[in-house]
Amino acid sequence: MKELEIYGTLGPSCCEKEVISKLFKKGMTGMRLNLSHTSLKQASDWIHEFSLAAKENNIEADLLIDMQGPELRIGEIEKQLNVNDIVSIDDLAIPNYLKVIQPGLLKSHKSIALPNITIERDTLTKQDKENIKDALEFGVTGLMQPFVRNVQDLMNVKKEIEDKNIKIYAKIENIQGLLQLDDLIDQCDQIVIARGDLANSVGIINLPSAQKYIEDHCKAKNRDYMVVTEMLHSMIKNPTPTRAEVSDIYHAVYNGAKSIMLTAETAMGSYPVEAMEVFVGVANSAVKDRKKGKSI
């Protein structure tokens with residue numbers, strides 16, 4: 001078993017074997033493929049490059065697929081909104097009251113959050129089910145289910161996976177998931193503290209408390225968990241991290257995270273290899289200190 005799982009995300013900045021190989025050499029153990037905007041078949045070239053890089057480095061690398069799930073996206077808003085309802089688009093990048101009040105670049109199929117509003121949607125989309133059918137063919141080892149609301153969501157995923165040897169990662173991104181956390185912990189392989197949309201749901205000020213709540217409950221029930229979102233956000237454009245970012249990584253690992261993940265930093269950042277080097281270096285420092293039970 002890997003002591004700490006360290007993931008990058010496949011994307012335009014790291015879709016070639018040479019770059020992915022460099023990420024492995026820095027200490028990455030696996031990668032995530034976001035299927036919100038593509039499918040396994042459409043991403044087959046990227047997956048092939050990933051597999052070649054893993055083989056070249058003699059690594060049994062995990063490949064996680066992040067499903068579409070019940071998340072609302074641009075072009076799919078239901079007719080269930082009222083005047084003065086808050087609509088958060090693209091992870092708080094464009095918060096608005098049915099009109100834009102803070103400018104931002106809005107791309108198609110970006111996420112939408114509706115705080116305090118529940119809209120019923122199926123656990124898995126048609127595209128999700130197609131991707132699950134193709135999962136083993138493409139070497140998928142884990143499925144990240146977004147916006148898990150209740151145990152039934154995970155039961156629906158398990159039913160679709162059937163006897164495939166694929167781990168289930170339950171992403172906690174809303175208040176419903178938080179309220180059902182203890183039950184969800186029992187029905188998955190890892191809990192994912194997905195801080196982007198979780199912040200939309202609980203409020204940015206309450207996010208650290210929500211993260212600590214999830215960490216404590218996972219540790220109490222001996223369930224592995226992952227911390228994701230903006231861990232090295234500044235390195236999408238800059239070659240060095242902020243002090244706050246390296247502290248965030250350190251404390252996530254020191255406090256007990258089994259997995260950590262970079263998303264846009266590797267997928268479309270200008271410095272994917274440099275970001276992974278920082279990510280792994282800080283994480284290893286935290287693992288070392290965690291073992292001896294103290295920091296410097």
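Strands β11 and β12 pair in the parallel sense over three bridges, where two strands are taken to pair if DSSP finds at least two bridges between them, and Val227 stands opposite Ile260 in β12. The structure is a predicted model, in which local features need pLDDT of at least 70 and side-chain atom pairs count only at pLDDT 80 or more, while totals for chains, interfaces and linings use all residues. Residues are numbered from 1 along each chain as its sequence is written, and side-chain values use heavy atoms, with hydrogens and water left out. Helices (H or I, at least four residues) and strands (E, at least two) are DSSP runs numbered from the N terminus.

The pairing of β11 and β12 belongs to a barrel that eight strands close in the order β1-β2-β3-β8-β9-β10-β11-β12, with parallel pairing. From one strand to the next, the twist averages 25°, with axes defined as lines fitted to C-alpha atoms (for helices over the stretch in contact) and angles running from 0 to 180 degrees between N-to-C directions.

Tyr169 has Gln190 as its bridge partner in β10, whereas the bridge partner of Ala194 in β11 is Val228. Five of the five residues of β10 are buried, a class that requires under 20% relative accessible area, as against over 50% for exposed and values in between for partly exposed (1.4 Å probe, protein chains only). Both faces of β10 are covered, with Gln190, Val192 and Ala194 buried on one side and Ile191 and Ile193 buried on the other. Both faces of β11 are covered as well, since Tyr225 and Val227 on one side and Met226 and Val228 on the other are all buried.

Nonpolar cores were defined as sets of buried Ala, Val, Leu, Ile, Met, Phe, Trp, Tyr and Cys residues joined through side-chain atoms within 4.5 Å. In the largest nonpolar core, which has 70 residues, Ile191, Ile214, Ile260 and Phe279 touch the most other members. Helix α11 (residues 272–292) contributes the largest share of this core, nine residues. Once neighbours within four places in sequence are left aside, Ile214 is in contact with Ile172, Leu178, Leu181, Ile191, Ile193 and Leu198. A second, separate core of nine residues includes Leu64, Met144, Val192 and Val228. In soluble globular proteins, nonpolar side chains tend to be buried together.

Helix α11 has 21 residues and reaches 31 Å from its first C-alpha to its last, close to the 30 Å expected at 1.5 Å a residue, the expected span being 1.5 Å times one less than the number of residues. The buried residues of α11 include Pro272, Met276, Phe279, Ala283, Val287 and Asp289, and the buried residues of this helix pack against β1, α1, α9, β12 (259–261) and α10 (264–267). Just after α11, Gly293 takes a positive phi of about 80°.

A search of the whole structure finds two aromatic pairs. Rings of Phe, Tyr and Trp (its six-membered ring) pair if their centres lie within 6.5 Å, and planes under 30 degrees apart count as stacked, over 60 as edge-to-face and the rest as tilted. The rings of Phe24 and Phe50 have centres 5.9 Å apart and planes at 40°, so this pair is tilted. The pair links distant parts of the chain, with Phe24 in helix α1 (residues 17–26) and Phe50 in helix α2 (residues 44–56), 26 residues apart. Phe24 counts as buried at 4% relative accessibility, and Phe50 counts as buried at 4%. The rings of Tyr250 and Tyr254, by contrast, have centres 5.6 Å apart and planes at 10°, so that pair is stacked. Tyr250 and Tyr254 both lie in helix α9 (residues 243–254), four residues apart, about one turn of the helix. Tyr250 counts as buried at 15% relative accessibility, whereas Tyr254 is partly exposed, with a relative accessible area of 26%.

Key:
Contact means heavy atoms within 4.5 Å.
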